[in-house]
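Biologist: I've just opened this one and I'd like to learn how to read it. Could you walk me through it, feature by feature?

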Amino acid sequence: MVEATWTGMQDLDISLVNSRGQRISWMGGRRNVVGASANVPGREQIGLRWSPRGTYYIEVARTNPADTTPISGQLRVRAIDERRTIPFTLYGNQARVGRVQITRRARMVAF
């Protein structure tokens, strides 16, 4: 789950890009994608109900490329059992601002 917040009234889109270059967004038509607050200024969430292992890049993009005002914010990322906060400042139309690596490890659990 990625929750993005930023200052100002600009509209940004948050997306994930997998290691094959496929863009995953809340508009993508995938059953495992969840999103919220896409129409709320200064906030958006995107997540995956389940995720295959691999590398996922987090991208932030403007919906209005004519706007060139720098936009600062932060991403709160939750993946499996880890949480991180990543600050960002967007100067251009889009930027890759984070990376999540999903791996699977076997572990023995006693009952």
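Modeller: Start with the order of elements: from the N terminus on, the chain runs β-β-β-β-β-β-β-β-β. Keep in mind that this is a predicted model.

Biologist: How many helices and how many strands does the chain have?

Modeller: Zero helices and nine strands. As for its extent, the C-alpha trace spans about 55 × 25 × 20 Å along the principal axes. Of the 111 residues, 34% are buried.

Biologist: How do I read a sheet, then?

Modeller: Strands of a sheet pair through backbone hydrogen bonds, either parallel or antiparallel. Here, four strands make an open sheet in the order β3-β2-β6-β9, with antiparallel pairing.

Biologist: Which strands stand at the edges?

Modeller: β3 and β9. Each has a single partner strand, so one side of each is left without a neighbour in the sheet.

Biologist: What joins β2 to β6?

Modeller: Seven bridges, with the two strands running antiparallel. To follow the pairing on screen, find S15, which stands opposite E59 in β6. β2 covers residues 12-18, and six of its seven residues are buried.

Biologist: And how many bridges join β2 to β3?

Modeller: Two, again antiparallel. V17 has R23 as its bridge partner in β3, while L16 is partnered with I24. β2 and β3 form a hairpin with four residues between them, and G21 in that turn has a positive phi of about 85°.

Biologist: What about β1, is it enclosed or open?

Modeller: Count its buried residues. Four of the five residues in β1 (residues 2-6) are buried, so this strand is largely enclosed by the rest of the structure.

Biologist: Which strands does β1 pair with?

Modeller: One is β5 (residues 43-48), paired in the antiparallel sense over four bridges. There, E3 stands opposite Q45. Another is β7, joined to β1 by five bridges and also antiparallel. In that pairing you'll find A4 opposite L75.

Biologist: Now the rings. How many aromatic pairs are there?

Modeller: A search of the whole structure turns up zero.

Biologist: Which residues lie nearest its centre?

Modeller: Look for A79, I80, D81, E82 and Q101, out of 17 lining residues.

Biologist: And how does the lining divide by residue type?

Modeller: Into seven nonpolar, two polar and eight charged residues.

Technical notes. Residues are numbered from 1 along each chain as its sequence is written. This is a predicted model: local features need pLDDT of at least 70, side-chain atom pairs count only at pLDDT 80 or more; totals for chains, interfaces and linings use all residues. Side-chain values use heavy atoms; hydrogens and water are left out. On a 1 Å grid over the protein atoms alone, a cavity is a set of points where a 1.4 Å probe fits but cannot get out, and a pocket is an open set with protein on both sides within 12 Å along at least five of seven lines; lining residues have an atom within 4 Å of a point. Ala, Val, Leu, Ile, Met, Phe, Trp, Tyr, Cys and Pro count as nonpolar, Asp, Glu, Lys and Arg as charged, and the others, Gly among them, as polar. Buried means under 20% relative accessible area, exposed over 50%, partly exposed in between (1.4 Å probe, protein chains only). Two strands pair if DSSP finds at least two bridges between them. Rings of Phe, Tyr and Trp (its six-membered ring) pair if their centres lie within 6.5 Å; planes under 30 degrees apart count as stacked, over 60 as edge-to-face and the rest as tilted.
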